[in-house]
Amino acid sequence: MTTSLEDRLWNELEPAALRAQRGAPRARFPRPRVRGVVHTAVGLVALAAAAAAIGLLARPALQTRESAPAAGTVQTARVAGGLGDATVGFGAVWAYDTGGRVLRIDAASRRVTGRVAVPNPYLDAAVAAGAGAVWEVPVIRQHQVTAGDIAKPVTLVRIDPVSAAITARTPVRTAGGEPLVPHGVVARDDVVWVWGAGGAVRVDPASGRVVGTIRLAGDDPKGFALDGGSVWIAMEGGRLLRFDARTGARVASLGNQPTDHPFPLVALPGALVVDDEHGTVLARDAASGRTLWRASVPGGIRSAAADGDRLWILTASESDLRDELVALDPGSGRVTGRIALPDGGGRAVQAVGGALWVTNENGDIHIVNP
Amino acid sequence: VIGLMTATDDELLTATDAASFEQFYRRHFESVLAFFARRTHDPEVAADLTAETFAAALLARRRYRPGRGRADSWLFSIAYRKLSDSRRRGRAEDRALRRLGVRAPALSEDDAEWIDQLAQADRAAPLVAELPADQRAAIRARVVHGREYDEIARVTQSSEAAVRKRVSRGLAVLRRRLGVSE
């Protein structure tokens with residue numbers, strides 16, 4: 001497939017639009033208004049509450065890029081009918097539009113600059129940037145669905161980041177030929193992994209062929225992380241498994257900690273951060289499995305992103321239906337910041353050029369100055 | 001620049017820069033394409049008419065006056081005229097495209113398939129987006145993707161009866177909002 005029809009037509013129209021712009025009087029684009037602003041910061045609760053109230057009542061003009069918004073400010077833009085997973089790469093944020101497209105959103109201008117149709121028979125998809133491309137795979141997270149329920153293998157799609165065109169499609173099967181039920185995709189340097197019920201497959205990004213398989217019987221995998229030469233997989237039953245990324249051989253099985261629902265495992269130097277599904281995040285020593293620290297967060301964990309010296313956790317609060325970003329010190333697990341989002345339905349958080357971008361099910365992107 | 005995303009259609013059309021028109025174009029491209037796809041049953045003609053409509057909108061942009069009706073109504077009035085002309089002439093008109101020196105892009109098979117899907121989802125899609133999340137997911141899975149009830153139940157960890165109820169309620173809401181009798 002080539003670039004989307006929408007982009008190709010715009011490529012044709014744009015020169016005419018630019019000619020019209022040059023021939024027109026000075027542009028008089030009016031200053032827009034922000035849709036909602038909420039401020040929250042640890043230690044500044046009263047100030048934040050006042051700022052939030054002012055923000056909601058007065059609806060101030062949107063901050064321009066020249067004048068950076070205050071810490072804790074949330075800017076919101078609707079870009080689709082619904083958004084899912086997101087990733088960062090090649091100067092853009094790539095987000096799954098639940099209408100069956102991957103959106104390329106320019107990180108600097110914050111404009112949608114590409115749309116790639118990715119037919120998806122399921123409800124969700126995962127995206128990853130790395131190994132020279134952007135990768136998308138349909139996702140079925142619920143553990144009741146097994147490979148036997150899938151009529152035909154789902155397809156891993158390779159998207160060229162420059163042209164935003166699909167350049168390869170790989171049926172996701174294990175080396176033995178069985179379909180995999182994907183839960184996610186991870187791309188690094190020269191390798192792409194698709195993981196899910198049944199195990200994980202390693203895909204050669206150049207050829208699009210499956211070149212390695214990790215088989216998992218029984219429990220469902222709930223988290224996956226790459227850490228140098230290791231693959232880490234958190235299992236439903238509580239085990240944290242370590243595999244040799246090159247051979248697929250299991251090299252360690254660490255302790256038992258409950259991880260009952262999908263959580264993006266975060267690999268820190270010497271530690272793995274996992275979710276125990278009870279509002280607690282654990283960091284475990286990568287060698288011994290010993291719990292290094294434990295942090296309480298206000299609700300279910302949706303996503304996580306490491307940003308310099310902070311680990312940001314996107315949580316869904318059941319009590320007030322608004323999501324929250326919680327900053328943790330990766331060394332101690334100490335909570336160092338909290339930012340309330342305007343609504344719920346958050347799906348993914350990504351660190352983008354000093355800001356945090358949160359995609360949500362309503363099709364909004366919340367851009368947060370942390 | 002994020003202001004472009006939150007600007008109203010009026011603001012985008014009365015601005016004179018290319019970026020504002022691009023935002024307006026991207027905001028309405030899919031609905032205009034779906035409008036034509038639904039009425040022509042021909043992806044190629046639908047794509048040509050969409051290109052012609054936006055070319056005409058670009059040419060007529062300076063004549064747009066806020067306050068005399070909604071911007072999307074203005075755009076669709078152009079689309080209606082283009083559709084009417086094409087039916088009369090038996091081919092998609094390209095007058096505005098020729099004036100701008102623009103060629104409508106050729107379609108790939110994937111484009112054609114996508115346009116066919118758009119035609120089916122045209123009227124209901126914006127309303128589906130407004131449904132509660134559980135109904136929206138059930139409707140998309142059942143009606144848009146054609147999944148079986150038991151499969152949706154398995155995937156969403158619900159009972160089949162619950163899924164049927166969500167689909168039924170969602171469809172009832174859509175019928176009501178579309179003004180279609182039960």
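Modeller: Before we start, a contact here means heavy atoms within 4.5 Å. Bear in mind that this is a predicted model.

Colleague: Thanks! Which residue of chain B does R115(A) touch?

Modeller: R115(A) sits in strand β5 of chain A. Leaving aside residues up to four places away in sequence, its contacts in chain A include S4(A), E6(A), D7(A) and R101(A). From chain B, the list has R26(B).

Colleague: Is R115(A) buried or exposed?

Modeller: Buried means under 20% relative accessible area. The relative accessibility of R115(A) is 8%, so this residue counts as buried.

Colleague: Now the loops. What is the phi of R110(A)?

Modeller: Most residues other than glycine have a negative phi. R110(A) is in the loop between β4 (101-106) and β5 (112-117) of chain A, and with 17% relative accessibility it counts as buried. Its phi is positive, though it is not a glycine, and lies near 65°.

Colleague: And D189(A), buried or exposed?

Modeller: D189(A) belongs to the loop between β10 (181-188) and β11 (191-197) of chain A. It is not a glycine either, yet its phi is positive, about 40°. Its relative accessible area is 73%, so D189(A) is exposed.

Colleague: Which residue is the bridge partner of W195(A) in β12(A)?

Modeller: β11(A) and β12 (residues 199-203) of chain A run antiparallel and are joined by 5 bridges. In β12(A), W195(A) has as its bridge partner A200(A).

Conventions. Residues are numbered from 1 along each chain as its sequence is written. Chains are lettered from A and ligands numbered from 1 in the order in which they are written. This is a predicted model: local features need pLDDT of at least 70, side-chain atom pairs count only at pLDDT 80 or more; totals for chains, interfaces and linings use all residues. Side-chain values use heavy atoms; hydrogens and water are left out. Helices (H or I, at least four residues) and strands (E, at least two) are DSSP runs, numbered from the N terminus. Buried means under 20% relative accessible area, exposed over 50%, partly exposed in between (1.4 Å probe, protein chains only). Two strands pair if DSSP finds at least two bridges between them.
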